[in-house]
Amino acid sequence: MPGPKPDEPGEQELLPGLVRAEVRPTRTVKSASESVAEVDPVARVLVDVPLAHLDRTFDYAVPASMGVDARPGVRVKVRFAGRDVDGFVLERSSATDHDGALTPLRRLVSPEPVLLPQIAALAAELAARYAGTRSDVLRLAVPGRHAATEKKDSVASAPAPPYDVAAAAAVWAGHGPAAAFLGHLADGGSPRAVWSAAPGTEWPLLIAHAVAATLDGGRGALVVVPDGKDVARVDAALSVVLGSDQHVVLTADAGPARRYRDFLAVARGRRRVVVGTRAAAFAPVAGLGLVVIWDDGDDLHAEPRAPYPHARETLLLRAEREGAAALVGGFAMSVEAGQLVRSGWAHLLAASRAELRSRVTVSVTGAGEHALARDPLARAARVPTEAHHAIRDALASGPVLVSTPRSGYAAALACERCRTPARCRVCTGPLALGSAAAPPACRWCGTTHEGWACPECGHRGLRAPVVGESRTAEELGRAFPGTLVRTSGGDRVLAEVDAEPAIVVATPGAEPVATGGYAAVVLLDTWLALGVAHLRVEEEALRRWANAVGLVRPGGRAVVVGDPAHPAVQALVRWDPAGFADREATQRREAHLPPASRLATITGEPGAVDDALTLLVAPAGHEVLGPVPFGDGESRVVVRVPRNRGPALSAALLEVQRVRSARKLDAVRIQVDPPTL
DNA sequence: TTAACTGGAAAA
DNA sequence: TTTCCAGTTAAC
């Protein structure tokens, strides 16, 4: 029978302290009579329960055995209303406000302080903003514990490599006052910028250099991008600029062990640069000096779990709270980003007209919408002559990207003749048909519109835009025999293609990056993206087109098949994302839509939504739209207030949640600033 | 999950 | 009035 390994007892004798430290946290308090800690015997604990009225700290006695390790930020188990729940110690204190005996902490889950003070404060601010609870936010912010990973020693911190000012200036050349922005970063300052990237920009590299400048100023950086494909690109760029020992990658699909390992490397201050998807916005970077969000208009940045925070809001709040610089970049510009510039909160970093002209030539082809309506056959020519020629010419020197709309758009109604989206006269919501016989009704406020007439052209007919099945790849294969045609979209997404001539057909968001950029980019059927039932139809359409055109090589060309009169198409041709964001902002203001107004939805059982509305003491000047039936048997209302009443609306909604959870009423889902309606 | 509380009914 | 029990509530 084999005895114990020979070196085991020896190790215990050599490192008694280490072994004890690992055993201690798992000890459970057996009796309530165990003596309490001498210093600060009270722990303020935030319990992990989803009830709004319990979103406050509860005081527990700290047993003497946990006196040292039960520091702020550690996970604990506590007895709460008869059962063991998880919680975080937020504070230690010498006294309590609670009259009555304090229950002792039941167990120290781990002595690792995983909830850093700045993140606890951020969670409170986000919970208030989004009418949710801190524990909901913390569930998004702090990854689950992985004990085995915790015991392993994390990576050692490495000194930052020297900052190459000249290289940074070179890659950022052409983007307006970027040199000043970088200089300010390197000096430890906190400049804030909205960055309108010129087509053909290798943006991950530019971000990596901004991060390098921040590190040079002695601070850390946090980069949030929409998806794993973009994470990989930024990861590669950071490795090129900083080496591989400065940053970590935080993504949801990394698995619990790796995720916790990389999170710990950040929480322990061993790594000061983070790149990841939306949850990475909560990474506890030590001495945060810069937050970066790329393509903030992408709906992947909106968290789908309560309280539905948006990565842009999270990062901008952090920039203010932690005194960090902010960089909001993209080929397109969201209305919110435009507001940051307009309000003076951020500067604009953009290429000059001359620089843009040297980057790409965008042309529009295809008959206008009115001509198409007169001659439906014109639509059959999905690839008009000019686009065909552009593809042929570009194939001589490199790959060509052909972007085609995804099928399966939710159809909203539009004017049959001019295709202006049909909107509600009362609240400007989208119109939809409940049944073929009924008149169209507003999806937001439920108003029916008998005898609708188009405000643009006076036509009385409505149509649901039909999405044709995409056989683009086959069509192009026949049109260009002998040319390699590749596709990317749906669940078969190509990350990149090489510089060899090929036609790459992709749906929006699935466009592969081409080595050196595409010789040409062709956008087909752009009118389809404009008929969607969506609060941000035009903004979203332009964002997708700009992202496709952004992949062009410097000096390349782009061809847009669509209506040259459409404002979004014009903004693309002129490459004027800032102007378009401004125009959208004006329209939203006139229509009382976000971000000019603050808007919240309440969704749930019709009865529950009704009495949530009764409980709501909304600020002066609020409007209630609906309720309207929503999804399977549920109903939804939209509450709208002027922008400056936003905090009051959030507070009122939070009070509704507190009262409802305290009275054990059916839960309703409250979403502040939903990205879509 | 459970101790503490509530209110109603039975016992005195 | 007291006691007992079932159901409800708060939660350290």
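Tutor: What follows describes a sheet with the helix lying across it, and then a pair of packed helices. The model is predicted, and the description should be read on that basis.

The sheet is open and is formed by four strands in the order S26-S27-S25-S28, with antiparallel pairing. Its edges are strand S26, spanning 623-630, and strand S28, spanning 669-672, each of which pairs on one side only. From one strand to the next, the twist averages 15°. Within this sheet, strand S25 (residues 597-604) and strand S27 (residues 634-642) run antiparallel and are joined by eight bridges. Helix H20, residues 606-615, lies across S25, S26 and S27, and its direction makes an angle of about 140° with S25.

The helix pair consists of H17 (residues 537-549) and H18 (residues 567-574), which pack at an angle of about 30° with their axes 9 Å apart. Since angles under 35 degrees count as roughly parallel, H17 is therefore roughly parallel to H18. The crossing of these two helices, H17 and H18, is right-handed. On the H17 side, the contact is made by Glu538, Ala541, Leu542, Trp545, Ala546 and Val549, and on the H18 side by Pro567, Ala568, Ala571 and Leu572. Classified by residue type, the contact of H17 with H18 comprises nine nonpolar residues, one charged residue and no polar residues.

Notes
Residues numbered from 1 in each chain as written. Chains lettered and ligands numbered in written order. Predicted model: local features only at pLDDT ≥ 70, side-chain atom pairs only at ≥ 80, totals over all residues. Pairing = 2+ DSSP bridges. Axes fitted to C-alpha atoms, helices over the stretch in contact; angles between N-to-C directions. Contact = placed C-beta atoms within 7 Å. Parallel < 35°, antiparallel > 145°, perpendicular 65-115°, else oblique. Left-handed = near helix turned anticlockwise from the far one by under 90°. Nonpolar A, V, L, I, M, F, W, Y, C, P; charged D, E, K, R; others polar.
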